[in-house]
Amino acid sequence: MYKANSNPSRIGLNAPPVRRASQLFAPNWRAADWTGWIVPRADRHQNEYVPDSDERLAWLTGFTGSAGSAIVLLERAALFADGRYTLQARDQVDTSIFEIVHMVETPPDQWIERNLNSSDRLGYDPWLHTSDGAERLAKACIAAGATLVAADPSPLDAVWIDRPSPPLGVVTLHDTRFAARRQTPSSPRSGPRSPNCARTPW
Amino acid sequence: MISDPHAVAWTFNIRGSDVPHTPLPISFAIVRREGRAALYLDGRKLSNEVRHHLEALADIREPDDLAT
């Protein structure tokens, strides 16, 4: 059974993938100055489990694995998945549109270096990538002579018209007796400061 | 700036029910060295009791306010 936590009908997989992919390059978007788009399987929090409203990769490609990404260029497109999903990716994704790439053997940045042209401008949604990840993509684009372009708001979200609403899960208080530390208004959580936190440059 | 909901849950002693398998509240937070913390989550997820409790600890704001 596939490791899918999303119901395809809930994330708007009704349109055929070729239409979803080509919508990224509708005339008004192409004028907006990119020739490619990268879609990670990620939400704004880099969560392991993302809500249906963040299943952009599944919406675009049909692939519902827990890790992966896709790059759509004007003439070609690739889905990156790891060895756990070799069979699943082949079953779920229209391989006449998406070349399936083993993302450990050829990570997206390597694929970018090899496949982007010097005139290409690869768009990405800055909310969905870590700063390290975006930097890697930018370096790969530069190596190909291409440019990485942040786009906020995302054109993908604009064309995902049947996108589900974000979840409204009820928030509960976690009792202090389970949490070990008390909270005060001046310190929501007092505890030892993480060394990483002290080094954070912003 | 806290962008990981695990860390927000820990910081504010809250749990959520937004995604399967992990009791995370999808949210961001800013905790300042001095001054009030801010918690960015959809206010519709909060009962009056929980909101009251959290408002003693932080300003409650909508996620979209983070970027403005």
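Q: Why is D82(A) called buried?
A: The relative accessible area of D82(A) in this predicted model is 11%. Buried means under 20% relative accessible area, exposed over 50% and partly exposed in between (1.4 Å probe, protein chains only). The value of 11% falls under the 20% limit, so D82(A) is called buried.

The model is predicted: local features need pLDDT of at least 70, side-chain atom pairs count only at pLDDT 80 or more, and totals for chains, interfaces and linings use all residues. Residues are numbered from 1 along each chain as its sequence is written, chains are lettered from A and ligands numbered from 1 in the order in which they are written, and side-chain values use heavy atoms, with hydrogens and water left out.

Q: What places D82(A) in a loop, and which residues does D82(A) touch?
A: D82(A) belongs to the loop between β3 and α4 (86-92) of chain A. Helices (H or I, at least four residues) and strands (E, at least two) are DSSP runs, numbered from the N terminus. Not counting residues up to four places away in sequence, D82(A) touches A67(A), H102(A), M103(A) and V104(A); contact means heavy atoms within 4.5 Å.

Q: What makes the pair of D82(A) and R84(A) a polar contact?
A: The side chains of D82(A) and R84(A) meet at 2.9 Å. A polar contact is a pair of N or O atoms within 3.5 Å; within protein, one must be able to donate a hydrogen and the other to accept it, and residues adjacent in sequence count only if both atoms are side-chain atoms. The distance of 2.9 Å lies within the limit of 3.5 Å, and the pair therefore counts as a polar contact.

Q: Why is strand β3 of chain A described as largely enclosed?
A: Five of the five residues of β3(A) (residues 77-81) are buried, so the strand is largely enclosed by the rest of the structure. A77(A), L79(A) and A81(A) point one way, A78(A) and F80(A) point the other way, and all are buried.

Q: How do you know that β3(A) pairs with β2(A) and with β4(A)?
A: Two strands pair if DSSP finds at least two bridges between them. Four bridges join β2(A) (residues 69-73) to β3(A) in the antiparallel sense, with I71(A) opposite A78(A). These two strands form a hairpin with three residues between them. Five bridges link β3(A) to β4(A) (residues 98-102) in the parallel sense, and L79(A) has I100(A) as bridge partner.

Q: What makes Y40(B) a buried residue?
A: Y40(B), in strand β3 (residues 37-40) of chain B, has a relative accessible area of 5% and is therefore classed as buried. Both faces of β3(B) are covered: A37(B) and L39(B) are buried on one side, as are A38(B) and Y40(B) on the other. Beyond four places in sequence, the contacts of Y40(B) include F28(B), I30(B), P63(B) and L66(B).

Q: How do you know which strands flank β3(B), and where does Y40(B) pair?
A: Three bridges connect β2(B) (residues 28-30) to β3(B) in the antiparallel sense, with Y40(B) as the bridge partner of F28(B). In the hairpin of β2(B) and β3(B), six residues lie between the strands, and G35(B) takes a positive phi near 95°. Four bridges join β3(B) to β4(B) (residues 58-61), and these strands run parallel. Y40(B) stands opposite R61(B) there, and the side chains of Y40(B) and R61(B) make a polar contact at 3.1 Å.

Q: What makes up the interface between chain B and chain A?
A: In contact are 36 residues of chain B and 26 residues of chain A. The two chains bury about 2,900 Å², with 61% of it on carbon and sulfur atoms; buried area is the accessible area (1.4 Å probe) that two parts lose on being put together, summed over both. In chain B, N13(B), R15(B) and K45(B) lose the most area to chain A, together 23% of what that side buries.

Q: How many salt bridges and polar contacts join chain B and chain A?
A: The count of salt bridges is zero, where a salt bridge is a side-chain nitrogen of Lys or Arg within 4 Å of a carboxyl oxygen of Asp or Glu. Eight residue pairs are in polar contact, both at pLDDT 80 or more. On the side of chain B that touches chain A, α1(B) gives the most, with five residues.

Q: What makes β1(B) and β7(A) a strand pair across the two chains?
A: Two bridges join β7(A) (residues 172-173) to β1(B), and the strands run antiparallel. Two bridges meet the requirement of at least two, so the strands count as paired. The bridge partner of T172(A) in β1(B) is R15(B).
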